[in-house]
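Take a look at the structure below. This report walks through side chains that meet one another, one group at a time.

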Amino acid sequence: MQSSDSKELLTFLVGHQWVGLDIDQVREVLSRQPFTPVPMASAAVLGLINLRGRVVTILDARTVVGIPMQEEEASQRVLIIESESEAIGLVVDAVGEVMPLEADSIESSPDSLPLLWKEFSDGIIQQEERVILLMNIKKFLDISIQQQTETKDINDDTRAINQGRRK
Amino acid sequence: MSDDAFDMDDELLTVFLEESNEGLESLDESLMALESDPGNDDLLASVFRTMHTIKGNSGFLGLERLGKIAHAGEDLLSKMRAMNFPADENIVSLLLETSDAIRSILTGVETEGSEPEIDHEPLVRRLKASERLLESLSGESATETSTEAENTPLEEAIETEPAAATEEKVPIETEPAAATEEKAPVETEPVAATEEKVPAPVKSAPAPKAKKGTAKPQASGSIRVDLGLLDAMMNQISELVLSRNRLMQLTEKTAAPELINTCRDINQITEHLQEQLLRTRMQPISTIWGTIPRIVRDIAKQLGKKIRVVMEGQDTELDRTILAALKDPLTHIIRNSCDHGIESPEKRRLAGKTIEGTLNLQAKQESGFIIITIQDDGGGISPDIIKTKALSMGVLNERQAEDISDNAALQLIFNAGLSTAEKVSDLSGRGVGMDVVRTEIEKVGGSVDIQSEVGSGTTLRIRIPLTLAIIPTMIVGCGEQRFAIPQMNVKELMSAHADSEHWHEIAGSRFFRVRGRLLPIVNLNDTLKLGLEASKSGSIVLIDTGERIFGIAVDRIYGAEEIVVKPLGLHFQTLDIYNGCSILGDGSVVPILECNALGHLLNLSKEAEAAQIMDDEKSEKTLAEIQHTLIFIQGEQRYAIPLVLVERLEHLGKEQIERSGEHEILQYRGQIIPVLRWKDVLDIEEDEAEKTEHLTCLILSDGIKRMCLQVEGIGEILEIPMEIKMPSDHPLFLGTTVIEGKATEIVDIYEVIKRADPGWFNSTRNGKHQQEQKHILFVEDAPFFRGLLAPMLEAKGYDVWIARDGVEACAILENKVPDLLLTDLEMPNMDGYELAAWVRSRTDFTGMPIIALTSNPPDESETGKRACFDAIMTKEDRPTLMDQFGKILGKASTGGKTDIVHDISPEQDGGP
């Protein structure tokens with residue numbers, strides 16, 4: 001983060017999309033664990049966990065980007081992200097690897113990218129068999145925070161189903 | 001210009017700002033004191049010194065604008081001192097304005113790092129003009145003329161200083177512009193207040209370092225601590241409390257005594273630490289009240305009113321977070337009171353009131369809460385006007401408007417719909433922003449209500465918790481989900497089976513009938529859309545937010561836990577039903593429910609609300625079987641007994657209890673009475689405490705006999721509904737209830753007495769005449785009172801049949817006829833009135849005496865209600881109770897002879 005040449009990227013899956021995040025912004029990676037649901041919270045909020053005495057909000061990355069939520073799977077991981085004022089846990093479908101990030105490999109996001117994805121992406125990296133989307137975590141979190149006002153009045157049925165599923 | 005000044009080191013600047021701000025605080029105080037005591041040289045000197053210090057420092061720091069203003073102010077003050085000119089209202093106003101200007105510059109310096117670009121030149125000119133005016137008045141023009149004096153037109157000086165020429169303080173009584181809402185007030189009574197005028201004159205020089213308002217009476221032995229550090233410490237302590245909780249839970253599972261002991265120590269130390277740290281965060285309310293006299297003065301002056309501020313309890317301390325949150329709502333309320341509450345002097349005179357209105361502020365602590373009242377003796381608010389307004393705004397429908405009580409109508413002033421509407425109406429203006437006031441107060445867990453009487457004034461009452469950081473809560477659960485409910489909102493816990501007949505559904509809203517009152521219920525499962533199967537058994541947590549009373553239906557209650565409130569993250573901003581979360585002893589996270597918001601969620605349909613209002617009105621008088629209950633303590637456990645049985649509390653010397661054979665006895669008021677030690681009853685081993693010289697004893701009496709119950713300590717005496725939550729297997733206890741959040745065993749006092757004196761109940765029964773046994777049908781829904789009275793009656797030799805409500809009583813009456821019907825009035829299903837009416841309608845019960853036994857007797861005037869009863873007695877009226885039974889029964893059976901009275905209570909006369 002400090003010097004541009006030593007940047008590293010943590011890659012992970014959200015749905016079938018590879019996403020990369022500056023490793024300096026990820027404090028730790030946890031396996032999925034039980035959390036306390038917070039009823040009436042927005043759909044992407046899975047709940048809260050106690051991380052060594054600190055309360056961490058857990059978000060479902062899929063839900064934020066509009067992919068239907070998935071049953072719990074062993075491959076799922078929780079990325080603990082230090083945002084400005086609090087710690088956020090982001091549930092992703094799988095974690096890939098840590099790779100060096102070369103500034104010149106970043107391309108701008110293609111127009112074909114869905115609008116929501118585009119909003120939080122800082123560009124993409126083309127690799128032979130995959131495309132990694134660079135995540136701007138601040139924008140991503142902003143989107144998820146905004147969603148609470150939207151989800152507030154979105155159909156409650158979905159939430160009820162989700163709630164049931166979390167049990 | 002001023003930018004250059006800020007090469008100085010930050011520390012110096014910080015000190016300067018702190019000192020100056022403190023100086024300003026005392027400056028305002030002194031100025032206002034000076035206004036009411038114009039000739040006070042000490043005050044004038046103190047004001048002068050403050051101004052002088054600020055001038056000097058600003059020159060040193062190169063703050064030009066500040067220096068100029070302070071200089072002009074100082075010159076004027078210096079002239080006043082030289083001439084012995086008494087400060088009048090206008091000069092004080094001008095100087096206060098100067099103080100404001102200085103403050104605004106300081107704020108600018110603090111936040112921006114430089115003097116703000118505000119043009120203070122007109123103010124400086126007016127100060128100088130005033131100074132010259134003084135000079136011309138005195139005729140001495142040679143001395144100390146400010147060299148900087150410009151040729152300001154004299155007209156301006158005169159214009160802004162109209163009263164400077166006259167030394168008298170004649171207030172100009174103009175009708176204030178703001179139209180007032182009052183009808184012609186009828187009351188003359190001003191608010192009785194004996195306090196001296198506020199602010200108290202500050203005698204000593206407000207040298208910046210010496211003192212800070214009234215907040216810190218002693219400068220010695222205290223140091224300044226950075227608030228950030230204090231907050232950080234608070235967080236650490238919070239974590240410590242959590243770890244402690246966890247540790248305690250873990251050690252419970254082990255049995256190593258050393259570990260347990262160490263944990264106990266840690267527990268205690270943590271508690272003390274927590275308590276002490278909490279105390280460091282406490283600040284007296286005077287820190288936010290300090291500015292109030294000033295605000296009131298300004299408004300009063302602006303509106304041509306005369307308002308006196310009386311403050312009581314300035315030393316009352318509150319957590320600084322809460323204090324900070326209270327400042328704005330409090331100011332708003334006060335502005336409202338001055339603006340719209342207190343009338344113009346002319347109006348007050350016509351109404352026969354004192355010309356000067358009084359604004360009374362009071363703060364006091366009351367069981368974990370701070371109660372702040374703001375009372376004015378103004379025109380009051382008419383509930384009718386509010387009703388009309390609410391009706392026109394659609395806040396109430398016609399039926400509701402008719403049904404709503406005056407008090408409830410007044411509270412509507414906090415309703416957003418009404419509040420905003422008032423901005424354009426000339427009704428009062430009083431409601432403006434009151435919804436915001438309420439919201440702000442609720443944010444810190446408080447509540448606010450309003451009382452008003454047309455003509456004599458309005459009182460607002462704010463109730464807030466002492467501290468926020470660590471709170472006792474009740475942990476409840478729905479399915480797997482747990483929630484914490486702050487205990488300050490929890491009034492009662494009760495079990496509520498899904499099949500209970502107390503459930504009612506009115507217009508789609510669910511209610512639970514509690515002691516005759518319909519309690520609106522928030523079902524967490526539905527409200528929070530938990531999507532759980534409705535469970536059969538459940539509990540209701542009775543919530544009182546101060547603003548409304550309702551129940552929260554939950555699946556289960558886990559118990560009480562002290563928790564540290566942690567904020568919820570940004571993803572929960574729009575959710576007002578939680579006021580944070582916490583980590584429990586077992587490490588899990590729980591959301592904390594915000595009861596005010598849940599209450600607002602009730603969203604009762606209009607019909608249901610109307611039904612509830614009517615129901616409340618109906619049962620207002622008959623509400624709840626409130627019992628005076630005495631709580632006593634043994635070890636950690638609390639026990640409750642009805643106060644009616646306690647004749648006296650005595651602190652006896654150890655030696656007063658004597659031994660007589662196997663038993664212990666006490667000579668008490670000429671009687672020898674048995675002594676029972678509660679710890680013996682419980683089989684608790686003697687310990688150190690036994691060594692105390694004084695024993696706490698309850699003298700119990702049923703009106704005839706006495707006994708002494710020695711206990712470890714007395715808790716409190718409360719007026720509470722006695723309801724058994726959990727029946728007990730223990731023969732000595734009727735069951736367990738929750739009183740003020742603590743589990744409390746209700747003692748079956750008759751069982752206890754039987755132990756002390758097995759013959760107690762027999763002595764009277766084996767009376768002279770073994771006459772025909774009388775039958776009493778005793779109808780009472782409260783198990784507690786049934787348990788209390790039935791044995792008493794039996795002890796008198798009556799045969800007691802018990803029914804739990806009117807319906808059960810009817811069923812019994814269909815089969816057998818008692819000699820007397822003794823009934824409670826407030827009962828579910830069929831109340832005492834209905835029952836009595838039914839009995840009276842039946843020819844087969846002609847002549848059967850009916851006695852009503854109630855905590856809330858109907859008024860004498862309500863003859864219709866009283867008609868069916870031979871007597872109406874209150875439950876507190878123990879001594880005459882038996883007497884009355886006897887009389888009435890005697891009359892019924894022997895045609896007026898009252899033998900039984902003597903029979904059943906031979907020792908009555910010798911009683912207390």
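Which side chain meets B:Lys353 in a salt bridge? The partner is B:Glu343, with 2.7 Å from N to O. Keep in mind that the model is predicted.

B:Lys353 sits in the loop between helix H12 (345-350) and strand E4 (357-366) of chain B. B:Glu343 sits in the loop between helix H11 (320-341) and H12. The two are 10 residues apart. B:Lys353 has 7% relative accessibility, so B:Lys353 counts as buried. B:Glu343 is buried as well, because its relative accessible area is 1%.

Now turn to B:Asp28 and B:Arg294. Their side chains form a salt bridge at 3.2 Å, N to O. This pair links distant parts of the chain. B:Asp28 belongs to helix H1 (residues 10-36), while B:Arg294 belongs to helix H10 (residues 292-303). They are 266 residues apart. B:Asp28 is buried, with a relative accessible area of 8%. B:Arg294 is buried too, at 8%. Both residues belong to a network of salt bridges that also includes B:Glu35, B:Asp100, B:Arg103, B:Arg297 and B:Asp298.

## A bridge between two strands

B:Asp449 and B:Arg461 meet in a salt bridge of 3.5 Å, N to O. B:Asp449 lies in strand E6 (residues 447-453) and B:Arg461 in strand E7 (residues 457-465), so the pair ties together parts 12 residues apart in sequence. Are these two residues buried or partly exposed? B:Asp449 has a relative accessible area of 14%, so it is buried. B:Arg461 has 30%, so it is partly exposed. Over all chains, the count of salt bridges comes to 34.

## Aromatic pairs

A pair of aromatic rings is described by two things: the distance of the centres and the angle of the planes. Over all chains there are 10 aromatic pairs. One of them joins A:Trp117 and A:Phe120. This pair is tilted, with 5.7 Å centre to centre and 40° between the planes. Both residues lie in helix H2 (residues 115-120) of chain A. They are 3 residues apart, about one turn of the helix. A:Trp117 counts as buried because its relative accessibility is 10%. A:Phe120, at 1%, is also buried.

In chain B, B:Tyr639 and B:Trp678 form an edge-to-face pair. Their centres are 5.2 Å apart, and the planes stand at 75°. B:Tyr639 lies in strand E20 (residues 637-642) and B:Trp678 in helix H21 (residues 678-681), so the pair ties together parts 39 residues apart in sequence. B:Tyr639 is buried, at 6%. B:Trp678 is buried, at 0%.

## Charges over rings

Rings can also meet charged groups here. The charged end of A:Arg130 sits over the ring of A:Trp18, 4.7 Å from the ring centre. In chain B, B:Arg510 lies over the face of B:Trp503. That distance is 4.2 Å from the ring centre.

## A threonine in a loop

Where is B:Thr316? B:Thr316 lies in the loop between strand E2 (307-312) and strand E3 (317-319) of chain B. Its relative accessibility is 13%, so B:Thr316 counts as buried. A polar atom of its side chain lies 3.1 Å from the backbone oxygen of B:Ala363. Beyond residues up to four places away in sequence, B:Thr316 touches several others, among them B:Gln283, B:Pro284, B:Lys364 and B:Ile370.

How values were computed:
Residues are numbered from 1 along each chain as its sequence is written. Chains are lettered from A and ligands numbered from 1 in the order in which they are written. This is a predicted model: local features need pLDDT of at least 70, side-chain atom pairs count only at pLDDT 80 or more; totals for chains, interfaces and linings use all residues. Side-chain values use heavy atoms; hydrogens and water are left out. Rings of Phe, Tyr and Trp (its six-membered ring) pair if their centres lie within 6.5 Å; planes under 30 degrees apart count as stacked, over 60 as edge-to-face and the rest as tilted. Helices (H or I, at least four residues) and strands (E, at least two) are DSSP runs, numbered from the N terminus. Buried means under 20% relative accessible area, exposed over 50%, partly exposed in between (1.4 Å probe, protein chains only). A charge sits over a ring if NZ of Lys or CZ of Arg is within 6 Å of the ring centre and within 35 degrees of the ring normal. A polar contact is a pair of N or O atoms within 3.5 Å; within protein, one must be able to donate a hydrogen and the other to accept it, and residues adjacent in sequence count only if both atoms are side-chain atoms. Contact means heavy atoms within 4.5 Å. A salt bridge is a side-chain nitrogen of Lys or Arg within 4 Å of a carboxyl oxygen of Asp or Glu.
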